[in-house]
Amino acid sequence: MKRSTVTAIVIVLALIILGALFYQASQRTATVTSPSPSPSDRPSAAASPSASPLSSSPATSTAPVTVDFTSTGFSPKTVNVTSGTTITFKNSTAEDVQPSSDPHPQHTINPELNVGVISAGQSKTITVNQKGSYGMHNHFDPTDTLSVVVQ
Ligand SMILES: [Cu+2]
């Protein structure tokens, strides 16, 4: 009686343990295989958008700019340039012109823009480095104005 009961218990326990081991093994392979494909997909998807902004970045131009001074004043009246650009002021009138930084008569907003006196038919070139938006005028006639925007 006793021995047969013990063997029956041992067999039942063995079956339970074996069943549990098989269940764990099937669960482990199921959990290991399912998550592994998704992390390997994500890095490749995240890598492609980070490469595209570099190719689409706008090119900034530092091409030299010429401002003509005529009987109607400065032309053009607004100049948009990037830092490091040269601006040539050409005097196409018969009078002296003195392109200067605002305000008149101190010329202190941006001393880079104090070009100095340009005789009739002559020209002078400056380089602008200081970023910002600045007003300029002809010191001999402050109603002749222009704007310089440096980016
Ligand atoms: Cu002035």
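Two residues are taken to be in contact if their C-beta atoms, placed from the backbone, lie within 7 Å. On this criterion, residues 24 or more positions apart account for 48% of the contacts in the chain with a separation of 6 or more. The structure is a predicted model, in which local features need pLDDT of at least 70 and side-chain atom pairs count only at pLDDT 80 or more, whereas totals for chains, interfaces and linings use all residues. Residues are numbered from 1 along each chain as its sequence is written.

The predictor's confidence in each residue, pLDDT (from 0 to 100), averages 79 for the chain, and 60% of the residues score at least 70. Over residues 43–59 the pLDDT is below 50, and this stretch has zero contacts in the model beyond near neighbours in sequence. Where pLDDT is low, the predicted coordinates should not be read in detail.

The secondary structure comprises two helices and eight strands, with helices (H or I, at least four residues) and strands (E, at least two) taken as DSSP runs numbered from the N terminus. Along the sequence these elements follow the pattern α-α-β-β-β-β-β-β-β-β. Strands are considered paired if DSSP finds at least two bridges between them.

Strand β1 (residues 65–70) and β2 run antiparallel and are joined by three bridges; the hairpin between them passes through two residues. Within this pair, Asp-68 stands opposite Ser-75 of β2, and Phe-69 stands opposite Phe-74 of β2. By contrast, β1 and β4 pair in the parallel sense over five bridges, with Phe-89 in β4 as the bridge partner of Val-67.

A further open sheet, again of mixed pairing, has four strands in the order β3-β8-β7-β5. Because β3 (78–81) and β5 (99–101) stand at the edges with a single partner strand each, one side of each is left without a neighbour in the sheet. Neighbouring strands here are turned by 30 degrees against each other on average, direction ignored. Three bridges link β5 to strand β7 (residues 132–138) in the antiparallel sense; in β7, His-137 is the bridge partner of Ser-100.

Buried residues make up 15% of the 151 residues in the chain; a residue is buried if 20 or more other C-beta atoms lie within 10 Å of its own, exposed if 12 or fewer, and partly exposed in between. A nonpolar core is a set of buried Ala, Val, Leu, Ile, Met, Phe, Trp, Tyr and Cys residues joined through C-beta atoms within 7 Å. Among the 14 residues of the largest such core, Val-67, Ile-87, Phe-89, Val-128, Leu-146 and Val-148 touch the most other members. Strands β1, β4 (85–91) and β8 (141–150) each supply at least two residues of this core, and the largest share, three residues, comes from β8. Apart from neighbours within four places in sequence, Leu-146 is in contact with Val-67, Phe-74, Lys-77, Thr-78, Val-79 and Met-136.

Thr-143 also lies in strand β8, but counts as exposed because it has 8 C-beta neighbours inside 10 Å. Its C-alpha atom is separated by 8.9 Å from that of Gly-73, 70 residues apart along the chain.

Notes
Axes are lines fitted to C-alpha atoms, for helices over the stretch in contact, and angles run from 0 to 180 degrees between N-to-C directions.
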